[in-house]
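This report starts from one residue and its surroundings. It then widens to a pocket and to the chain as a whole.

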Amino acid sequence: MIIRPFAAARPISHLLRRTHKPTPTLLTQIRTLTQADIDDPGMNGGYPNPPAQKRQFLDPYADWWDKQERRNFGEPVHEDHDILGVFSPHEYTHFSPQKGLVLMGAFVGVVLGLCGLVRLYYPDRPAVERTFEGGLDRELGGVGAVLAPSHEEA
């Protein structure tokens with residue numbers, strides 16, 4: 001029990017007290033335009049920023065220096081290369097959204113049509129339901145029959 005004397009020696013309330021007062025912030029951090037900001041609006045050190053074009057849409061059979069990334073040697077890279085490169089998620093251009101909705105609607109229509117045909121031509125029950133004259137009162141003991149105890153009463 002070595003921990004108990006250390007815990008009793010110093011109360012925890014001293015941790016909750018503020019030891020210093022916050023200093024008021026001055027309005028000295030107002031950003032102003034400098035000549036460097038005006039000369040270099042992209043703030044990239046004058047690096048040429050090519051147009052944003054996904055590498056997916058460039059000709060894969062052209063004579064590229066880097067055939068996998070579809071780049072030539074010394075060609076500047078766009079600042080959003082991680083989004084525009086070959087290894088970024090590809091844009092799905094096989095179908096337009098309208099054609100996709102038409103195809104999905106056709107699929108749902110065909111499935112519901114097949115369900116309707118199965119319901120229409122599915123055979124009825126092979127047997128007729130059994131009926132009793134006057135119901136099952138007599139077979140189950142009649143009106144004055146003693147009911148079996150349920151699991152809750154037992």
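Beyond its neighbours within four places in sequence, Arg 55 is in contact with Glu 69, Arg 70, Arg 71, Glu 75, Pro 76, Leu 84, Gly 85 and Val 86. The model is predicted. Arg 55 sits in the loop between helix 3 and helix 4. Its relative accessible area is 9%. Arg 55 therefore counts as buried, the cut-off being under 20%.

With Glu 75, the link is a polar contact of 3.3 Å between the side chains. With Arg 70, the side chain of Arg 55 reaches the backbone oxygen at 2.7 Å. Arg 55 and Arg 70 are 15 residues apart in sequence, yet their C-alpha atoms are 6.5 Å apart in space.

| Residue | Location | Relative accessibility |
|---|---|---|
| Arg 55 | loop between helix 3 and helix 4 | 9% |
| Arg 70 | loop between helix 3 (35–39) and helix 4 (81–84) | 16% |

What is the phi of Arg 70? It is positive, about 60°, although Arg 70 is not a glycine. Most residues other than glycine have a negative phi. Is Arg 70 buried or exposed? Arg 70 counts as buried, because its relative accessibility of 16% is under 20%.

Now the pocket. The largest pocket has a volume of about 190 Å³. Arg 55 and Glu 75 both belong to its lining. Pro 50, Pro 51, Gln 53, Leu 58 and Trp 64 are also among the lining residues. How many residues of each class line the largest pocket? Seven are nonpolar, three are polar and two are charged.

Last, the whole chain. Its secondary structure comes to five helices and zero strands. Along the sequence the pattern reads α-α-α-α-α. Of the 154 residues, 10% count as buried. The accessible surface comes to about 15,200 Å². Carbon and sulfur atoms hold 62% of that surface. Among contacts in the chain with a separation of 6 or more, 42% join residues 24 or more positions apart.

How values were computed: Residues are numbered from 1 along each chain as its sequence is written. This is a predicted model: local features need pLDDT of at least 70, side-chain atom pairs count only at pLDDT 80 or more; totals for chains, interfaces and linings use all residues. Side-chain values use heavy atoms; hydrogens and water are left out. On a 1 Å grid over the protein atoms alone, a cavity is a set of points where a 1.4 Å probe fits but cannot get out, and a pocket is an open set with protein on both sides within 12 Å along at least five of seven lines; lining residues have an atom within 4 Å of a point. Grid points are joined across faces, edges and corners, and a volume is the space filled by probe spheres set on the points. Ala, Val, Leu, Ile, Met, Phe, Trp, Tyr, Cys and Pro count as nonpolar, Asp, Glu, Lys and Arg as charged, and the others, Gly among them, as polar. Helices (H or I, at least four residues) and strands (E, at least two) are DSSP runs, numbered from the N terminus. Buried means under 20% relative accessible area, exposed over 50%, partly exposed in between (1.4 Å probe, protein chains only). Contact means heavy atoms within 4.5 Å. Accessible areas come from the Shrake-Rupley method with a 1.4 Å probe; for residues, only the protein chains shown count as cover. A polar contact is a pair of N or O atoms within 3.5 Å; within protein, one must be able to donate a hydrogen and the other to accept it, and residues adjacent in sequence count only if both atoms are side-chain atoms.
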